[in-house]
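The following report looks at side-chain pairings in one protein chain. The sequence and the coordinates come before the discussion.

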Amino acid sequence: MGQRIHFVVDPQGWCCMGLIIFVWLYNTIFIPKVILFPHYEQGNISVVAVLCYYFCSLFCIASLFRASVADPGKLPENPKIPITEREYWELCNKCNMMRPKRSHHCSRCGHCVRRMDHHCPWINNCVGEDNHWLFLQLCFYTQILSSYTLILDFCHYYYFLPLKKENWDVFVFRHELALLRISAFMGLIILGGISRLFYTQLMGIFTDTTSIEKMSNCCEDISRPRKPWQQTFSEVFGTHWKILWFIPFRQRQPLRVPYHFANHV
C-alpha cells in the first residue's frame, strides 16, 4: 500500500521546517569535522561512534521529510461510508463533508484529517492517523541526535585528549570554540523543547487521546473502554512488531480499529 504525497502551501511552515533543516545540516557537517573525524584519526573514539552518529542523523532527516510530505489522513471529497459504520460518521460543520468520529477540520490546511492530533508548523503538515508514527520517530531521533551532539561537545573539551595542531589553519578549527558553542546552544534548546513534546505525545498514546481531544475536554474516562498500551501503539505504528516502530523506511499498514472505541470530537 503506497503512501500518498501531501504538500502544504504555507510560508510559515516552510520557514519553520527550513530552520529545522538548517540545525540538522549544521550539526551533521561541523560535528564530524571538528570532533568525530579528528578524534577518530587520533584513536580517541571508534568507528562505531562515527557510524552511530550518521545513522541517527539519517533516521532523523528521513522521518522529518516523510512526516512532512506524508498524507496525514486527508478525507476524500466523497467518501464511501460502509452501511455498518454510518452511525460512527458525522457531518463537519466547516466543510460540510461526512467524516469518521475523532476526525478534525484543520483550518490551516482546509480539510478534515482522520484522528488529527494537531497541525505542526515544524513539519509543515498535520499530524494525523497516517503520519503520527513518523512524527513520533522524528521526536525520538531528534532527542537522540541532540543528546549525542551535546555529549560529544562535552567530551571534546573535558574528556578526550587534546587534538594535534596540524590542521588548525582550517576554518572549522580556527573557529572551533564558536562553532561548538552554537552547536551546544541549539542542542539544549531543541532537546528541551522536543523532550516535552515527545512526553506529551507518549501520554496521549497511552491514554488513546489526541491533543485536540485534550484541549476540547471531550474525552471522559467512561466514554470508551481503555485499551492496552501495546494495542494503542500498534494502531499508531501500523504493526505489532515493536522493532518496526523505530524504522522510518517502510510503509505503514493500518490496523483495523473497532468502532466501539471511537470518540466524538
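Is R108 buried, partly exposed or exposed? R108 counts as partly exposed because its relative accessibility is 43%, where buried means under 20% relative accessible area, exposed over 50%, and partly exposed in between (1.4 Å probe, protein chains only). This is a predicted model, in which local features need pLDDT of at least 70 and side-chain atom pairs count only at pLDDT 80 or more, whereas totals for chains, interfaces and linings use all residues. Residues are numbered from 1 along each chain as its sequence is written, and side-chain values use heavy atoms, with hydrogens and water left out.

**Salt bridges**

The structure holds 8 salt bridges, a salt bridge being a side-chain nitrogen of Lys or Arg within 4 Å of a carboxyl oxygen of Asp or Glu. Three of them are set out here.

| Pair | Closest N and O atoms |
|---|---|
| R108 and D10 | 3.0 Å |
| D130 and R114 | 2.7 Å |
| R115 and D208 | 2.8 Å |

R115 lies in the loop between β4 and β5, and D208 in the loop between α5 (176-206) and α6 (211-216), so this pair ties together parts that are 93 residues apart in sequence; helices (H or I, at least four residues) and strands (E, at least two) are DSSP runs, numbered from the N terminus. R115 is buried, with a relative accessible area of 18%, and D208 is buried at 5%. Both residues also belong to a network of salt bridges that links R102, R115, D208 and E213.

R108 forms a salt bridge with D10, and that pair links distant parts of the chain, since R108 is in the loop between β3 (104-106) and β4 (111-113) while D10 is in the segment before α1 (11-41), 98 residues apart. In contrast to the partly exposed R108, D10 is buried, with a relative accessible area of 9%.

D130 forms a salt bridge with R114, and here D130 is in the loop between β6 (125-127) and α3 (132-158), with R114 in the loop between β4 and β5 (118-120), 16 residues apart. Both D130 and R114 are buried.

R114 is also among the residues that P100 touches, together with L75, Y88, W89 and E90, not counting residues up to four places away in sequence; contact means heavy atoms within 4.5 Å. P100 itself is placed in strand β2 (residues 98-100) and is buried, with a relative accessible area of 10%.

**Aromatic rings**

The count of aromatic pairs comes to 17, where rings of Phe, Tyr and Trp (its six-membered ring) pair if their centres lie within 6.5 Å, and planes under 30 degrees apart count as stacked, over 60 as edge-to-face and the rest as tilted. The rings of Y53 and Y148 have their centres 5.4 Å apart and their planes at 65°, so this pair is edge-to-face. Y53 lies in helix α2 (residues 47-69) and Y148 in helix α3, so the pair ties together parts that are 95 residues apart in sequence, and both tyrosines are buried.

For F59 and F249 the ring centres are 5.3 Å apart and the planes are at 80°, so this pair is edge-to-face as well. F59 lies in helix α2 and F249 in the segment after α7 (229-237), so parts that are 190 residues apart in sequence are tied together. F59 is buried, with a relative accessible area of 19%, whereas F249 counts as partly exposed at 46% relative accessibility. Ring pairs link F59, F140, Y141, F198, F246 and F249 into a cluster.
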